[in-house]
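Hi,

Here is the structure I promised to pass on.

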Amino acid sequence: MTPRVAIIGAGWAGLAAAIELAPAARVVLYEAGKAAGGRARRVPLGGMALDNGQHILIGAYRECLRLMRTVGVDVDAQLAAQPLVWQQVDGMAMRCPAWPAPLHLLAGLLTARGLRWRDKLALARLLTWLRWQRWQIGQDAPAQAWLAAHGQSEALLQRFWQPLILATLNTPPAQASMQLLANVLRDSLGAPSARDSQLLLPRVDLSALFVDPALQWLAAQGVATRLGQRVAALQPENGGWRVDGEYFDAVLVAVAPYHAAALLDHAPLSALLKAWQYQPITTLYLQFEGRVRLPAVMTGQASGVGQWWFDRQALSGEPGLVSVVISADGAHATLARDALLAAVLGEMQRHVPALPPLKQHWQITEQRATFAANVSLARPAVRLGVESAYLAGDWLCADYPATLEGAVRSGVTAARTLMQDWTKKNDANV
């Protein structure tokens, strides 16, 4: 017997769940917005196809890469792979060669510029210790305090750890979970293959990278996608669910946590999520009148407002376009849009020779871009605890902060769990 399943939310988690379920279930995919992709999608601005925020992948994102290949994406063509590069205009510069792990990291540290030898040794010692501990730190603690207590100098905190924490956890280092950071290190710098730590930078917008191919593949599998249809009511009935009055054998809710709490009448989930905090991400798109020569395709700052600069012309061919990413809450949040733009431009003018005049610009700020990856954050399971109801989203992947890989992993896990429960339920009724 084939179950009929409603998936609420067509972000990366919902799409992943739909792809996993399509061969074994009759799936209807609901999306409140007019476009699928959630917080990682194309946004038309000024006649250009920009992203709702700059995202990168790494080689360790195996589930993302697997599903991309499943729906027909040429991963090698659509993602620019490069060895782990840490290039700051005012801090350190490190490039890890394509050697077996952990030799690639050791070579990168030995040749890094902008760090004293004692700092290089302290960083190498800590990473080696974490590897010996299998990337488990014991009791979780705030990352900044934990790192300082484990021999990481102020220079290391400012030039390496703080930018890394902001980029991966999107949470201020003083409150971010050290264990979640260790998990990220485990699956990137600490992975057996140096390929896992490679940066994978999209050459196309995020909808072209995964969302559009996924929707086309799902349509070919018979999945019905209902864009622009916001689900108003979920009601359990006879072991299944009514979705706005339409009956399904199971429901999989793949929306942001605050939307899930509002949609589901489930006291334990609401109580858990009530204590959660959220963090913003701002992306500035700056189009200049000529070519901008950044020190690297992905260039960082150890201090300043604009944390990472991306050369979009080099990546995806958009003339004169640079994207600037500012993660998490901070002093920049108090600046008006014009003041923030002026601050970012001033920083670029100090570090980029012969910066051309600015032609046009856009700012996209997601106020609740991710959940705050706080210490010992309690996370729900994909089973809601109510028959035939499941959850998916980056906030369900307990091993990771809010990432594309976390979203996809949760969708795959929820889909497989649903099918296991359905098979067990039907076997019991035979």
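The largest cavity holds about 50 Å³ of space. Keep in mind that this is a predicted model. The structure has 1 cavity of 30 Å³ or more.

As for what surrounds that space, the lining of the largest cavity splits into 8 nonpolar, 1 polar and 3 charged residues. Among the lining residues are Arg39, Tyr258, Tyr278, Arg368, Phe371, Asp394 and Trp395. Helix 10 (257-263) and strand 19 (358-371) are the elements that give two or more residues to this lining, and strand 19 gives the most, with 4 residues.

On to the charged pairs: there are 20 salt bridges in the structure.

- Arg66 pairs with Glu20, with the closest N and O atoms 3.3 Å apart. This links helix 2 (residues 62-70) to helix 1 (residues 12-21), and the partners are 46 residues apart. Arg66 is partly exposed at 29% relative accessible area, and Glu20 is partly exposed at 22%.
- Asp196 meets Arg62 at 2.8 Å, N to O. Asp196 sits in the loop between helix 8 (178-186) and strand 9 (199-202) and Arg62 in helix 2, so the bridge ties together parts that are 134 residues apart in sequence. Asp196 is buried at 4% relative accessible area, whereas Arg62 is partly exposed at 49%.
- Asp399 bridges to Arg186, the closest N and O atoms being 3.0 Å apart. Asp399 is in the loop between strand 20 (389-391) and helix 14 (404-429) and Arg186 is in helix 8, so this pair ties together parts 213 residues apart in sequence. Asp399 itself is partly exposed, at 34%.

That last pair also belongs to a salt-bridge network of Arg186, Asp187, Asp399, Glu405 and Arg409.

Cheers

Key
Residues are numbered from 1 along each chain as its sequence is written. This is a predicted model: local features need pLDDT of at least 70, side-chain atom pairs count only at pLDDT 80 or more; totals for chains, interfaces and linings use all residues. Side-chain values use heavy atoms; hydrogens and water are left out. On a 1 Å grid over the protein atoms alone, a cavity is a set of points where a 1.4 Å probe fits but cannot get out, and a pocket is an open set with protein on both sides within 12 Å along at least five of seven lines; lining residues have an atom within 4 Å of a point. Grid points are joined across faces, edges and corners, and a volume is the space filled by probe spheres set on the points. Ala, Val, Leu, Ile, Met, Phe, Trp, Tyr, Cys and Pro count as nonpolar, Asp, Glu, Lys and Arg as charged, and the others, Gly among them, as polar. A salt bridge is a side-chain nitrogen of Lys or Arg within 4 Å of a carboxyl oxygen of Asp or Glu. Buried means under 20% relative accessible area, exposed over 50%, partly exposed in between (1.4 Å probe, protein chains only).
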